[in-house]
Amino acid sequence: MTLEDKINEFIVFVIENYKVTYNMNGKEVYDLFVKYGVFDYLEKSYDMLHTQGKDYIINEVHSYIENK
C-alpha cells in the first residue's frame, strides 16, 4: 500500500467517524470538509494524526473547523 493509499484510507476513516460523532450524512461532512480545507489539513497532518486515537482525531478536526 502506497502512502497515498494510506492517506486516502485515513481520510475515509475520519469522514466516517466525524459523520457518526456529529450525526451528519456523508455529503454534509464532505461539503463541510471542502468548505474549511479539512482534506488538505488531514493530508498535511497525516504523520502526526494517524497515530492518535479516534476521539483525539475527531476533536482535532472539529477544533480546526471551529478556528477557521
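In this predicted model, Ile65 is in contact with Tyr18, Leu32, Phe33, Tyr36 and Val38, once its neighbours within four places in sequence are left aside. Ile65 also belongs to the largest nonpolar core, a set of 19 residues in which Phe10, Val14, Tyr18, Phe33, Leu42, Val61 and Ile65 touch the most other members. Two or more residues of this core are given by each of H1, H2, helix H3 (38-44), helix H4 (46-49) and helix H5 (54-66), and the largest share, six residues, comes from H1.

Aromatic rings were examined next. With pairing taken as ring centres within 6.5 Å, the count comes to six aromatic pairs. The rings of Tyr18 and Tyr22 have centres 4.6 Å apart and planes at 40°, so this pair is classed as tilted.

Because Tyr18 lies in helix H1 (residues 3-21) and Phe33 in helix H2 (residues 26-36), the pair ties together parts that are 15 residues apart in sequence. Both Tyr18 and Phe33 are buried, and both are among the core residues that touch the most other members.

Notes:
Residues are numbered from 1 along each chain as its sequence is written. This is a predicted model: local features need pLDDT of at least 70, side-chain atom pairs count only at pLDDT 80 or more; totals for chains, interfaces and linings use all residues. Side-chain values use heavy atoms; hydrogens and water are left out. Rings of Phe, Tyr and Trp (its six-membered ring) pair if their centres lie within 6.5 Å; planes under 30 degrees apart count as stacked, over 60 as edge-to-face and the rest as tilted. Helices (H or I, at least four residues) and strands (E, at least two) are DSSP runs, numbered from the N terminus. Buried means under 20% relative accessible area, exposed over 50%, partly exposed in between (1.4 Å probe, protein chains only). A nonpolar core is a set of buried Ala, Val, Leu, Ile, Met, Phe, Trp, Tyr and Cys residues joined through side-chain atoms within 4.5 Å. Contact means heavy atoms within 4.5 Å.
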